[in-house]
Structure formats: structure tokens, C-alpha cells
Amino acid sequence: MTEHDDTTDAPAGGIPEPEAPPGGAPRIGDTRPAPRIGDTRPGAPVTERTSGDAPQAPRAPQPPRDTSRAPTPVVATATSQSPAQATQEPGEQKSSSRRRRRRGGSKERAKGRTVGRYLMCVHVEGTTTHIAMLEGRSLVEHYVVRETDETTQIDGNLYLGRVQNVLPGMEAAFVDIGIPKNAVLYRGDIHFDADDIEGGIAQAARIEDVLRPGQLIVCQVTKNPIGAKGARLTQEVSLPGRFAVLVPNSSTIGISKRLGDNERKRLRKILDEVRPEGHGLIVRTAAEGATAEDLKRDVAELAQRWASIDAEAKKSGRPGLLYRELDLAVRMLREELNGDYRGVLIDDPVLFEQVRSYVSQVSPEMVERVELYDTTTESLPLFERYFVHEQLHKALDRKVWLPSGGSLIIERTEALTVIDVNTGKNVGKTNLEETVFKNNLEAAEEVAHQLRLRDIGGIIVIDFIDMESKGHREAVAAQLRQALSRDKTRTQVFDISELGLVEMTRKRISEGLIESVSKQCEHCQGRGIVFDPALP
């Protein structure tokens, strides 16, 4: 099963989807004649649309609107509300409002500009694409996609693989999928029919009973190859769409737990009607407010796609690619684009047309938020205009400063990542315990931000400054968990030990930000030191 972004009540293969924190984002301004999506600097001129062509005078900046909450009810009058609307239940009004927003019938705007907390900036340079995710003005995620990543950036792709060898002692098999490095398929990721197993007991079946060298299998990449490790595979194939995820040859049924009870009941009825025979289906959070026709169209497209993949696999006799996932920029829009995004800015005309075409098909009401950043007319490059360049370089530093003057030191090793918390210039105002407590609270928030931004995975150990109070230790641990809850990548955090250490894990999805923009030093081979050439 590939990693998704919805949590469901399905028996296996939950599909989590990131949930944006509530609240609007402060805007930054613009020196251009007309404002564009995502301008967040103060003093930007704002032009409102009127029936004439005369430009409106600039107005003073207003506080951002909270687009995550339901619209403020309008006081009923003879002209503002019909009797049918006046008798609507609150839950029905919210559901109706969501459906109108999905169809583009109700657009929330502030001073003529789209409101939203998030902004995606996509910069194309040669054969490399940089994707920056901004929350307000802060860079929270950064991805790098290279043209040569046909063998490294393959997460989500479907392959016809040939089993090379089976290792019973490791409960794994190495599979040739047509790339230089063999991929790994573990026993728990194998999908098979119990009738094909001698004795018919699927739970007791060993990997050598299910797979044999030379066997051709359809599999999907769930994790990109990292370092010396090959890609990870699964036979539990899933095809994500806009509103649902198709699980071929499965009985899996699920609906995102992030949806309300009434919405889940409504979608459950639709699910029984649109589910293809012989396949599983998981309804995503994005299906909130979607009509039966929307879901039916989405599922029909997924079923047709799987039929093509299955037909190709049956006629092919050698390992190779069966289906390539969408480009990362388009895939992120499919997974995340919603009303919390104030815009998507792309500085490459070719990619812009591709993304806009895709959004117009799956979310017509959001197409106006996809905008071309014309570098021939803009005074600054895209990443400089929104301060991505500056924040990206800071994210590559070993040291991170905290607002109060404290700091973090981030050291990565082969086995784990260690983060040391220091007070630095933070001398406090009352006593040592209070100073340390406030510094650790700031550090907990910043650690969660840096893990997400740098895409650090694996085992992580955080050395907080020692605190005498047990209540303070619990509060810092709670602050860390709350900050990590905004990260769509799965994490597990343990309580602070008596030594002030926190052990946690974060699922490793990719190689990480630093590795994606760097290469190993040919002099020190990544050790960070150069030996004396006169050493005997």
C-alpha cells in the first residue's frame, strides 16, 4: 500500500491526508501594479473588481480571515434568506456551504484576493524542479525533483517485477523491476490467494511458499531507494484519485475518519453504489461535500486505469514500468489542494499548463488559484520574492536559532539524528527553571518544524535542557506532540527521560533535504575531516 494522507476505518492501509491548521495567513505585499496570489508583504496595493476599468485606491491592510471556520451566519431578512434557508438545520447549512465551495459557487475572498493559509511555489531550473510549501511566510516543506530520478524518485509507480531470490531467514525477496538496483518485498507486503497455498492456511504461509525465483508479479513502490537500500515494494496495490483510492483485488472498504458522522453516513451509501465488483475502495477526506456523480466519475476513471495496467501486465513478459505516478508537483496538488491554499505559483510555462489542465479536470473551482509567475515581467525571481531562497539556505545550516536567543544543533549520522537544545543568548528574567522551561517549549516547536522542513526520518534523539519539574517535562513533551501533529508523515514520540532525552521516530520517506541538494565530498568522503597527507 502506498503512503497516503487520509486516516480511515479500513482494516488495513490507512490513507491519511494532511489537515491544515486553522486560520488565515498574513499577507505580504507587492510592488507590482496589480496584486497576485500569495503577496504577504505589508502595504501591497489591492485592486477590487468593479464594473468599470478604473483602478481602486489602495486600502489599509486588514486582519486575515479564518477560512477554516464556517462562514458567519447572515441575519435573516425578507430579502437575504428564503423560508427554506431559514429552517435549515446548522449541520445542513454547513454541508450545503461546503458543496457550494466545492463547485465554486461561493468563493471566499478578502479585498478581491483569494484567502488561504498555504502557498505553493514551484521553481523550474534546467532539469530540476523545486517545490516549496509556505505556511504564511514560513517555509515548511521543500522537495527537489530531478530528471534523472527515474531510478530514485519512483514512489507510487507500478511495475511488473521478476523475483530474483527469496531469503526465508529475512522473510523477504529481492525483485528486479527494471532499474539498476533490485527492490525488496517483505512477507507482510505480499498479496496472495489462500487457495494457492498448500493446506490453505494463509497466516501460516512462509514467503518461500508464496514466491519462487523467476516468478512475475505486479507490485508498487512504497518507498524510494535510499543510499545502499533498494526500493520497498508491496503487492497491495492502490490507485489514488481525487476523492477515492481504488484497491484492486481487495475487499477493503473505508471512509476517512476526519469526516463528520453525518458525512460518513452519506458517503457510505454512495460507496455501496459506486464500488467496483472485486475491488476495494477508500473514500478520502477530499470527498467531503462531493456528489454521487463526482465519486462515480472518479471511481470509474480509477477502474479503467487499473484495467489498462492489468492488461499490460498480462501481455508483458519482462520486468518494467507499468504505470508512472504523476509528477510530484501535480501529485501534491491532488493530495493537498483545497480551500486552505491561497494559490499555486509556477514559473515554468510548460509545467504551468500541465498543472492547470489537471486541476481544471479534478477541481475546476480551484483552477483560478493556479497562476503563472512570469519571470520576464517580474522584478524578482519567484523564490526571492517569497523569501524561499533565504529560508532554504538556513535549513541547510547545522545551527538553528530560536526566537528568544536559544539554539538547536542538528547532527545526522547513519544510525540516527541527534538534536541538542541550548539556551545560548537566552538568559531569562525570573529563575533558571523558568528560563529553561520556556526555552524548551520554543525548541519543541522548532524541532517539529525542522524535521518536517529537512524531511529527517528514522530514529531521532532530542537532548532538551534538564528540567527539575515533572510538570514542565510533561508540558514540553505535549508541546512537541502537538507541533508534530501538523506533519503528515507518521511519527512516534516517547516521554522525556530523567536525562532530559526524548526518543522518537519519523517515517523515512525520502533521502532528505540536505542529501537532495548536495553530494559527498570527494576529499573526506563525507566524514567532514581531511587527514594530514604526511601521516605515515
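The following is a working chat about the structure above.

Colleague: What kind of model is this, and how are residues numbered?
Modeller: It is a predicted model, in which local features need pLDDT of at least 70, side-chain atom pairs count only at pLDDT 80 or more, and totals for chains, interfaces and linings use all residues. Residues are numbered from 1 along each chain as its sequence is written, and side-chain values use heavy atoms, with hydrogens and water left out.

Colleague: How many helices and strands does the chain have?
Modeller: There are 12 helices and 23 strands. Helices (H or I, at least four residues) and strands (E, at least two) are DSSP runs, numbered from the N terminus.

Colleague: And what share of the residues is buried?
Modeller: Of the 536 residues, 46% count as buried. Buried means under 20% relative accessible area, exposed over 50%, and partly exposed in between, with a 1.4 Å probe and protein chains only.

Colleague: Which residues touch the most other members in the largest nonpolar core?
Modeller: They are Leu408, Ile419, Leu451, Ile462, Phe464 and Leu480, in a core of 28 residues. A nonpolar core is a set of buried Ala, Val, Leu, Ile, Met, Phe, Trp, Tyr and Cys residues joined through side-chain atoms within 4.5 Å.

Colleague: Which elements give two or more residues to it?
Modeller: These are β19 (407–412), β20 (416–422), α10 (432–454), β21 (458–463), α11 (470–484) and β23 (501–506). The largest share of this core, seven residues, comes from α10. Apart from this core lies another, of 25 residues, including Leu259, Ile270, Val283 and Leu322.

Colleague: What does Ile462 touch?
Modeller: Not counting residues up to four places away in sequence, Ile462 touches Ile419, Val421, Val447, Leu480, Gly500, Leu501, Val502 and Met504. Contact means heavy atoms within 4.5 Å.

Colleague: Now for helix packing. At what angle do α4 and α5 pack?
Modeller: Helix α4 (residues 261–274) and helix α5 (residues 292–315) pack at about 40°, with their axes 10 Å apart. That makes α4 oblique to α5. Axes are lines fitted to C-alpha atoms, for helices over the stretch in contact, and angles run from 0 to 180 degrees between N-to-C directions. Angles under 35 degrees count as roughly parallel, over 145 as roughly antiparallel, 65 to 115 as roughly perpendicular and the rest as oblique.

Colleague: Which residues meet there?
Modeller: Leu267, Ile270 and Val274 in α4 meet Ala292, Leu295, Lys296 and Val299 in α5.

Colleague: Is Cys121 buried or exposed?
Modeller: Cys121, in strand β3 (residues 118–125), is buried, with a relative accessible area of 0%. Among the residues it touches, beyond four places away in sequence, are His130, Leu345, Phe383 and Tyr386.

Colleague: Last topic: what is the phi of Asn249?
Modeller: Asn249 has a positive phi of about 55°, although it is not a glycine. Most residues other than glycine have a negative phi. Asn249 lies in the loop between β12 (244–247) and β13 (253–255) and is partly exposed, with a relative accessible area of 46%.

Colleague: And where is Gln525?
Modeller: Gln525 is in the segment after α12 (513–516). Gln525 has a positive phi of about 55°, and at 48% relative accessibility it counts as partly exposed.
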